Amino acid sequence: MLRILSFFLLVLVGALVFSWLADNPGTVSLNWLGNEVQTSVTVFIIVLALFVLAVLLAVWLIGLLFKTPGSVGSWWSGRKRDRGYAALSQGIIAAGAGDAVLARRMAKRSEKFLGARREPLVRFLDAQTAMIEGDHARARSAFEQMERDPETRLLALRGLYLEAERTGDSTAARYYAERAARVAPQLPWAGGAVLEAKSVEGDYEGALAILEARREARLIDRNESKRMRAVLLTGKAMDLAEKDPAAAKTAAVEATKLAPDLVPAAIAAARAMFRLGDLRGGSKILETAWTNSAHPEIADTYVNARPGDSVADRIKRAERLRDLKPGNVESHMALAHAALDARDFALARRQALAAVAAEPRQSGYLLLADIEEEETGQIGRVREWLARAIRAPRDPVWMADGYVAEHWAPVSPVTGRLDAFQWKVPPERPSGALGPVIENAPGDEAKTVGGGGAIAHEAAPAAGTGAAAGTNGAAKVAVPAPDAPDAKAGKSAVEATAATRTGAAASVPAGEPAPARA
């Protein structure tokens, strides 16, 4: 619209000028070399304008003539550049799709038209194609060349870091991540990799410093930062528990404030206080944690806070936990264990039965088997509780990336991921994987306890064992046949079973049975 108005305005001005000239005629005389030319002012102005236009056109044609070679070269170079970038784009797409043949062909074409020295992405395409082809040595060489160029240094360090991780070279991976973090602290992968590496090595101070830098750069959410700091402080407290209980207490107490639901932090703080003689402070922290989340490790630490306490004192402490969380399965289990240690079988049995009534699981039935063995010594009753434990749901354990561990740790032993451990029930194995659950010595008759507690006789296996073991909640107990003269063999096997249940559990993969807490 503005252009149209401008055009009409110019036409109007021109019309007014020519109208004024027509109303005010005049003559122009030109005397040159004895010749005199006379014309009107209007004609003179028109001829002068045409002359100026002719001069400008001639100057433009002469300039164009001199620029023609350069223009032709620029057009040819632009055409090659466009073809090179088209090949580069197509090659990157092919590399992302996993088409190594097309990616290699496009890499060669883009290098031909662009040249690796002028376009760094050509080397990147070469490295990506080499990785798809499985030529990792060539890929590393390309990344090393890219690392010398400041424009592609971070990209090269990322590629070298991934290559080091692929080969399992954690030292090299950490080196490349640290270099990238120094150049660009805002990179999430570099900061996260260095943070996990320092955590795995137990350098909690360095890990905390990196976490703080990432928080200040706003690369991590505030709540996530608090959680990770609590996990690192808990790991630090566990590491300093023997060497410096005071420093362990400071770190663990801060961790409990940052993450009140982090059970290992409360346990680490309480144990540090117990070492420093602060029984009341440690008990208060455990009571608060118990109120938030009833956990068997909290109960064990609380009940056994003071090694010199009598069994009656431990029962009182267990009753305190029951009062804080009445009706909770862990409250009943803690009191049942304390009562069993005090040989108060009536109380232990009541609490164990209340525990399995609240939440049936293996540890409850195994505890009832222990109580039955200690109180009555009746092998048949013990077998009955063991048979129920076989098919009962499994107890929760510490798990990280499919790995079952006896104790919590700040990082996963599989992937090195921070705050990977969770307290949960491991997955069940297929029911078809369960074999006979009660075996006997070769040549004797064995009994297999089924899911409903029924006993069926079958031929004994070729090689029996006298030790008890658990397989997905199944307990194997060597017992004599009903007509065997020596009944002591059965009792010794049950004792072996109890020893297996109460012994320290080793870290096992999630697919294997988790040791139940009796």
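A: A crossing counts as left-handed if the near helix is turned anticlockwise from the far one by less than a right angle, and as right-handed if it is turned clockwise. In this predicted model, the crossing of H13 and H15 is right-handed. Helix H13 covers residues 279–292 and helix H15 covers residues 311–324. Their axes lie 10 Å apart and meet at an angle of about 35 degrees. From H13, the contact draws on Leu279, Ser283, Glu287 and Trp290, while H15 contributes Arg317, Arg320, Leu321 and Leu324. Sorted by class, the contact of H13 with H15 holds four nonpolar, three charged and one polar residue.

In soluble globular proteins, nonpolar side chains tend to be buried together. The largest nonpolar core here has 98 residues, and Leu195 and Leu232 touch the most other members. Helix H12 (residues 263–275) supplies the largest share of this core, with 10 residues. Beyond its neighbours within four places in sequence, Leu195 is in contact with Ala207, Ile210, Leu211, Arg214, Met228, Leu232 and Leu418. Another core, of 11 residues, lies apart from the largest one; among its members are Ala95, Leu102, Ala107 and Leu114.

Helix H16 (residues 329–341) contains His332. His332 counts as buried because its relative accessibility is 12%, and the cut-off for buried is under 20%. With neighbours within four places in sequence set aside, the contacts of His332 are Gly327, Gln351, Ala354 and Ala355. The loop between H16 and helix H17 (345–358) includes Arg343. Arg343 is a residue other than glycine, yet has a positive phi, near 60 degrees.

A positive phi is also found at Asp401, a residue other than glycine, with a value near 55 degrees. Asp401 sits in the loop between strand S3 (397–400) and strand S4 (403–405). With a relative accessible area of 34%, Asp401 is partly exposed.

Strand S1 (residues 27–32) runs antiparallel to strand S2 (residues 35–40), and six bridges join them. Within this pairing, Ser29 faces Gln38 of S2. Two residues lie between the strands of the hairpin, where Leu33 takes a positive phi near 60 degrees.

Technical notes
Residues are numbered from 1 along each chain as its sequence is written. This is a predicted model: local features need pLDDT of at least 70, side-chain atom pairs count only at pLDDT 80 or more; totals for chains, interfaces and linings use all residues. Side-chain values use heavy atoms; hydrogens and water are left out. Two strands pair if DSSP finds at least two bridges between them. Helices (H or I, at least four residues) and strands (E, at least two) are DSSP runs, numbered from the N terminus. Buried means under 20% relative accessible area, exposed over 50%, partly exposed in between (1.4 Å probe, protein chains only). Contact means heavy atoms within 4.5 Å. Axes are lines fitted to C-alpha atoms, for helices over the stretch in contact, and angles run from 0 to 180 degrees between N-to-C directions. Ala, Val, Leu, Ile, Met, Phe, Trp, Tyr, Cys and Pro count as nonpolar, Asp, Glu, Lys and Arg as charged, and the others, Gly among them, as polar. A nonpolar core is a set of buried Ala, Val, Leu, Ile, Met, Phe, Trp, Tyr and Cys residues joined through side-chain atoms within 4.5 Å.
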